[in-house]
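Subject: Structure handover

Hi,

Here is the structure I promised to pass on.

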Amino acid sequence: MNKRILLLLLLAIIGNLGYAQSVKGLVKDEKNEPVIGATVQVEGTGFGTVTDALGAFELRKLKPGNYRLRFSSIGLASVVKEITLGTTEVVLNISLKEDRRQMDELVVVGYGVQRKREITGAISKIGGKELNDLPVPSFEAALQGKAPGVQVTVGSGLAGSASIVRIRGISSISAGGDPLYVVDGIPITQDLFITGNSGGMNNNPLASINPDDIESVEVLKDAAANAIYGSRGANGVILITTKRGKGKGWKFTALTKAGVSLPTAKPKMLNNRQWLQLNQEAWENDGNSGMAPLPGGITYEQALNNNTNWVDETIQTGAKYGINLSANHGGEKLNTLLNFSYDNNGSYLKGNSYERYSGRVNLDFSPTKWMKIGVNSSLSAGINNRVNAAWSGGLGAAMSTALPIYPTRNADGTWYRSGSNPVRDMNNLKWKTIEGRSINGLNISVTPRKDIVLQAQASYDYMNVNDDQWRSSEITGNNNAGDASRGTTQVKNFNYYVTATYLKTIKENHNFQVLVGNEFQRANTKRSSADSTNVPGLFSQNEAELNEARKLTQPGTNWAFLSYFTRATYNYKQRYFVQAVFRTDASSRFGANYRWASFPSLSGSWVVSEEKFMKMNRTFSFLKLRAGWGKSGNAGIPDNARFATYSPATNNITYNGQPTLFPYKLENQNIRWETSNNYDVAVEAGFFKDRLTAELNFYRRVTTDVLMYLTIPGSIGFANYWDNVGGILNEGVEFSFKSRNIVAKNFQWTTNFNVARNYNEITSLGVYSEDAVSGGTNDTRIVKGSPVGTNYLIRWSHVDPNTGLPVYLDINGNQTSVYDNKNRTAVGQILPLAIGGMTNTFRYKNWDMSVLIIYSLGSNIYESSQKRQSSLITDWNMDERVYDRWQNPGDNAKYPRLTRDYRTYNLPDEWSNTTLWLKDGSYARLRNLTIGYNLSKSQCKKMHLASARVSAIATNLFTLTNYDGLDPEIGRDSEGGSAGDRNSSRNLGSQNITYLTPPQEKTFSVQINIEF
Amino acid sequence: MKKLYIVLALVISFSSCRKWLEITPEGEVPESEAVKTQQDLQNLLNSSYDAMANHYNGRVQFFNELLGDNLEKPQSGFTVPIYLRTTNYFNSDVGGLYNDIYNVIFRLNFLMFKIEEGIIPVDAEFKVRATAEAKFLRALAHFDLVKLWGQPYGYTSNNAHPGVVIRNSVDTKPKARASVAEVYTFILEDLAAAQTNLPDNNGNYANKDAAKALLANVRFQQNDFANALTLCNELLSKYTLDTTLNRFVNVLNSPEKIFAFVSTGVADNRTATYLNNFRIVNPSNPSPNRLSRTLYYEATADTADLRSKFYVIFNQGTSSETYGITKFNGDFFSNPLLYASQLKLMRAEALIKSSGDLGLAISDVNAIIQRAYGNANKNLPSNTSATDVLTMIRKQRRLEFPLEGNRTQDLKRIGANEDPTGSGIVSIRGSKWNCNGLALQFPVNENTSIFEFNPEGGCE
């Protein structure tokens, strides 16, 4: 200690002379956590103080006597203690109980927590309970409809399918549009494309997270909230906090569940006779006579006998079951949480399920008053029993190339091979994707002085994905036991951060808090593959063959991220709040010129209801206005995007026996951060003692330097180029309310409602055209003045009643028979205009019921696969919608006359798109219906349980929509793996474009939760 | 306080590690490391040959043939619209070839830029030779681009009609199409420089004669018979006809060879697309792509012509009759690109068209005929009229170079010369030689405000 402090102490001691002993002690909450910043007031005097970072307080200078001390803190019920102060020191240990007023709940904000009242940004909190009761393919799907402005599109009915999550619209084209996922302060490996796309699916790194581990999820939506995550906050941040040990003593919970999975809709494909009839009709329409030739080496006799319902052959009633066991211990110095779960999430696709084994240990150890050590560690194995889907086969083949005239087996019992046969493919393919995952964090927090908290966290997120496939000799044609292959992807993600927080209160009313921090993250991805012939099964069961297999190591990729940040908050009398955040980030993905970027934010709020003039207001129990501005950024591009790279010297490509060297791609060292400027204003209000709480948000986000993987003129010599081009605008309004409609002793009814309207527009494209970035083959494009993911198509007018041929519209809207790509125009959008959800919860005595309805309005669906299912006869089967076809002059039909030749419709090829396949994508659906029964305390007591609950859960029971395809909720997995445009295809073409995409699942399940 | 200092010290020490952000790609080499020496530049040139060899491995030739009358309609895929002359800017096969050829041009321009820049030390011989080789390849690339994506030379009287983008630098800006006249001027300039600076002998790489032979082809395509004739005369004094009928089996050691792409083995095969399309693996099954009925019957009409033995027929007499060729039944071949047989027939035609030495023209075409029959029985008599000689030359061109990509461009050249108004005297598989769809559509990636696409259709 230095002299100055000694002097101060001395002065303090002298100053105390003539007074009685001090009052001191600790203020803690129910969880035995210190309450920082609690006010300690001596009633009737001007004396008071505030607790420090350890929850400690001390009052001096009081004369001996009787006092009433009031302890209060936001979110906690005030406590008054009467004391008598004499010559001895008074030590008080105060425990403050939670005051369940919604405005005062604790919210995780990134490198800390704040009370909802203090928050100056837009954050939605979703409790773990709301997430882990839904049988969903992956936890993020359960966020659907729960938070305003958070659009969640569940991928498909595939087990383990990833959802598309978009917060307040989308502001990227070729950079990632997904929010940043942070689990207990660890930005986890979340890249959906890490293992590429196979079988119509991307591996979902979020699926291995056990939803039962989750205590709460906070969604940071605006710049004031996510600027602390700087450059990675542009798409919003999803903070996941896992459960921790609390309370006193041991507590155990067990959960078990079982259920079934069914498709929400079944494709109605033609049977053999129907197909033969229409094929013949097309044959004759095309001017032929006699019997139409049949594909696949099938005779008419066989065709009439074979009537394979391929849809039924590829789907099943999927089984879902699982258990979760949890042990929770709260002690003096150590809090423990142990969680183990097994989950088998079977889908309705034959052979498809996602199994998860997961274990978690979370420890909180406080060896001394000034130090806390937290450990969180999870280990999980996600086993995806894979099947081909969509364009790759399985149900996708049943909806396309598998004709009803094909048999599964020939008369002699051998597999039918001359045409598409998904049953043969399925039975001769074994496929498992096994993801081993361990996310570990060590957090040390030190309080060296009462007003300073230092925290350091180091974490390691390890992921290893083995994609194992085995094909029998039936498929490979080799005369052996079969071929096995394995693709391995390993990601090591290391992260640390250190923060220091300084708390200061001046004269009780001025409260400061300053946080400074530094963070670094580095991730390394390694890829390798192995393959071998003559293996009797998957490599995972044939270690010996794996050791002997041919192995190939592919180049890995690395990225690193370094940041410094600070957050300063100030409030005056808990009434006026100001927050300033400044973060500066550097990413290895950018060249030296543009590596560093700064992301400031400034926001403030005014708790109007704390003003004197509002105190007497009976309507408002709470009223807060807030506003903020901030910058955020996006660096979601491939690790090596900026480099002009060349083939390695060892490329083994020669010409005339001489070595070669060649460029892979163009250089752009000036590629830089995609930047968003965010403006937000909001009103939060509580009415009638918070019986009704509501929130209204307006936002405007202007994104510039949009990262685009441009398709550049081929004559430049390369097809693509990364550059910062153009701008995007997102503007919107969000409204939500929670209303406790009926609050009686035996019956309660609560409504949660939210709606969000987002306007999205590409405001600039530089010199580039609509085709400079495309969402794959389905004709979504970037169009200036239209939203990201605009359907850019030739307009279909009608079927000419005289000829049965298509009539298109040219660019001027005039009817034409010519199909010309110059007539493409912006005709639809994959982004909805409005999204939201409504949850009604009813409680009657021991019964409760919760009903969640979600809706999405104003988007279009492009049913890309229907172009081969409803008039043009290719090698596909058709569905029953084809019957609305033109047959005779005078027919007013939806679909043109059947043909086997695309040129009949003046199309350049059989893949051509028109608005005939563009549909209204609006829908509302009963997402979840849960009915639960909680055993009464006396019943539980008899069984020696603390609590017990039985519930029945149904998801996706019914849907209201005009869409005539399978299911209007479409989040197709994305094309591309190594290609730079993988994000483009996800941002522009995953959502609301279906190409044989498996429909969502409908589930029914029963769950039992017990606590003892 | 100590605790605070320790933590602060840690913060500061962590933060100084900016080097952690210096990440270089694995498995790929940044330009600064890859291109440092003369050998690197030589390797870059090697890779340009390599890439050109892969694009001319039957692929450029196939696209030309698809537009013409030597092939049957392909079974499926994006080559079908090429056959139907209905390519649009989404045709990925067409776009793929276009992008690939320009990618080689980028390599060549980058090579020349690096040599010109002078930072990498190179010797004088290398500087001259490598630049000349690059210009030879760049001219070849532009020549095929303008033939496939533009209407032919002579389509308009001043050739102001749009050709292709000329790429003569590493500039990465979008550019407009140059006129056909400008493209040919550019090609001629490159070839003039190549001719001057290429060595007389250059192993398996382009030499002076290669530049001359390519120049002769360019001049001939321009219907510039005088210049073509001069070059043919000069070269035919050095190069003579081979006796082999299938020029793919004896390429590199042939007395005919002026320039060829070299194959060294099955894994290094520069005729892969030829083989993929036309190789008959199982004698009872047709090849993936089939010949047209007209080519088959013309080529096999006279069984005394030994070249007729190359042709095979499947399902003869049925509605599914198809035709194939056995020339490509092998594992790998080197790929003859410029050779004496071309010059012979070129000279013969140039002589007739320029009213030159008819006797020499007859002797040139007879050399080809005599080789084909193994005797002089079918040689043209010396008193054959110029018109009949011309007819025979053109027939021999079809029979001599089947599937080598000449036929369509021959018909276009003849159309521009003999049917400039497109009256229909010269047609290509039922369409006027100058119909829109006979020029391939550019890929959609060229869609900028300054780029003019080809009109589509019109070849029904």
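Which residues of α13(A) are buried? They are Arg982(A), Asn983(A), Ser984(A), Ser985(A), Arg986(A), Asn987(A), Leu988(A) and Gly989(A). A residue is called buried if 20 or more other C-beta atoms lie within 10 Å of its own, exposed if 12 or fewer do, and partly exposed in between, with C-beta atoms placed from the backbone. Since 8 of the 8 residues of helix α13 (residues 982-989) of chain A are buried, the helix is largely enclosed by the rest of the structure. Its buried residues pack against β37 (707-711), β41 (780-781) and β53 of chain A. Element names follow DSSP runs numbered from the N terminus: helices are H or I with at least four residues, strands are E with at least two.

Before you dig in, some housekeeping. This is a predicted model, in which local features need pLDDT of at least 70 and side-chain atom pairs count only at pLDDT 80 or more, while totals for chains, interfaces and linings use all residues. Residues are numbered from 1 along each chain as its sequence is written, and chains are lettered from A and ligands numbered from 1 in the order in which they are written.

On confidence, the model scores ipTM 0.91 and pTM 0.81. Chain B averages a pLDDT of 93 (the predictor's confidence in each residue, from 0 to 100), and 96% of its residues score at least 70. Where pLDDT is low, the predicted coordinates should not be read in detail.

Now the interface. 56 residues of chain A are in contact with 56 residues of chain B, contact meaning that two C-beta atoms, placed from the backbone, lie within 7 Å. On the chain A side, the elements giving two or more residues are β24 (429-449), β25 (452-471), β27 (510-533), β28 (550-572), β32 (645-646), β33 (654-655) and β34 (658-659). The largest share, 9 residues, comes from β28(A). By class, that side has 32 nonpolar, 19 polar and 5 charged residues; here Ala, Val, Leu, Ile, Met, Phe, Trp, Tyr, Cys and Pro count as nonpolar, Asp, Glu, Lys and Arg as charged, and the others, Gly among them, as polar.

There is also strand pairing across the chains (two strands pair if DSSP finds at least two bridges between them). β32(A) is joined to strand β1 (residues 29-30) of chain B by 2 bridges, running antiparallel, and Thr645(A) stands opposite Pro30(B).

Back to β28(A), which has partners within chain A too. With β27(A), the pairing is antiparallel over 21 bridges, and Arg522(A) has Ala560(A) as its bridge partner. β28(A) and β29(A) form a hairpin with 3 residues between them, and Lys573(A) in the turn has a positive phi of about 50°.

Elsewhere in chain A, 3 strands make an open sheet of mixed pairing in the order β49-β48-β53. β49 (918-920) and β53 (993-994) stand at the edges with a single partner strand each, so one side of each has no neighbour in the sheet. Strand β48 (residues 860-863) and β49(A) run antiparallel, joined by 3 bridges, with Asn860(A) opposite Asp920(A).

Chain B has 16 helices and 7 strands, and 50% of its 460 residues count as buried. Its C-alpha atoms fill a box of roughly 110 × 55 × 45 Å along the principal axes.

Finally, the cores. A nonpolar core is a set of buried Ala, Val, Leu, Ile, Met, Phe, Trp, Tyr and Cys residues joined through C-beta atoms within 7 Å. In the largest, with 287 residues, Leu111(B), Phe136(B), Leu214(B) and Val365(B) touch the most other members. A second, separate core of 21 residues includes Val35(A), Leu96(A), Val446(A) and Leu454(A).

Cheers
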